[in-house]
Amino acid sequence: MHTILKLEHIQKYYGSEGNITKAVKDISFSVENGEFLGIMGTSGSGKTTLLNCISTIDTVSAGHIYLEGTDVTEISPKSLARFRRENLGFIFQDFNLLDTLTISENIALALAVSRVPAREAEPRILEIAEQLNISDILNKYPYQVSGGQKQRCACARAVVTRPKLLLADEPTGALDSCSSQMLLSAITSINEQLGTAVLMVTHDAFSASYASRILFLQDGEIFTELLRGSLSRSVFFQKILNVLTMMGGGRNHVC
């Protein structure tokens, strides 16, 4: 394994002089290739801001972010779109699917944007659809399938381009418990079988228990981290709840 993502003293400030909000304060950590990292924290802890900086949606105020040795903070605005296409996959709480395209066409769109030849696209779509158990709905439209199936389609679209890093922002937020479990199992399968590194922001301890490591943020800083190691998911889940309680917010107060 090698380091795929490295953050060095990341800071993010909002506002002007005299009225500055420090959303992220001097955060440093790294993610290994094939790792599944969860990020949790109370409301206003800076976790979404941090994810936006890593995804290049937002710029950092200070520090450096390296993805496979490339300094993301130094990429020119003109090159950012290409960098995202070639390196990052995104899963959001709202599925962001196009209702006028079939499930298969929604997945294919990511390949078209990345200029993958048509002869290569179909085998990739069929392979990832089978892995995510959506092969039987490829010809349906998003409005014809369940929320869980939509999110697995969004997941397929995110990883069909074979990104180096998959970024998931509250991916189970709009799903019921059964659909959430199916999606998290699918993300875990992608992480383990394809070796894709995953960074997931979540408010939910159950979802976080699928990760191999969790960073807990508080007031823009890393409060602590938790390693799963050889622990069962149920034991890891309880340890997550213990940390959340120690941080001063029970499960219902973490977002």
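This is a predicted model: local features need pLDDT of at least 70, side-chain atom pairs count only at pLDDT 80 or more; totals for chains, interfaces and linings use all residues.
Local features require pLDDT of at least 70 and side-chain atom pairs pLDDT 80 or more, while totals for chains, interfaces and linings use all residues. Residues are numbered from 1 along each chain as its sequence is written, and side-chain values use heavy atoms, without hydrogens and water.

The protein chain holds eight helices and 10 strands (DSSP runs: H or I of at least four residues for helices, E of at least two for strands). Its C-alpha trace spans about 55 × 45 × 35 Å along the principal axes. Buried residues (under 20% relative accessible area, 1.4 Å probe, protein chains only; exposed is over 50%, partly exposed in between) account for 48% of the 255 residues. Of the contacts (heavy atoms within 4.5 Å) between residues at least 6 apart in sequence, 70% join residues at least 24 apart.

Aromatic pairs number three. Rings of Phe, Tyr and Trp (its six-membered ring) pair if their centres lie within 6.5 Å; planes under 30 degrees apart are stacked, over 60 edge-to-face, the rest tilted. Phe 90 and Phe 92 are stacked, at 5.8 Å centre to centre and 5 degrees between the planes. Phe 92 is partly exposed, at 29% relative accessible area.

Phe 206 and Tyr 210 form an edge-to-face pair, because their planes stand at 75 degrees, with the centres 5.7 Å apart. Phe 206 is partly exposed at 26%; Tyr 210 is buried at 10%. Arg 233 lies over the face of Tyr 210, 4.1 Å from the ring centre (criterion: NZ of Lys or CZ of Arg within 6 Å of the ring centre and within 35 degrees of the ring normal).
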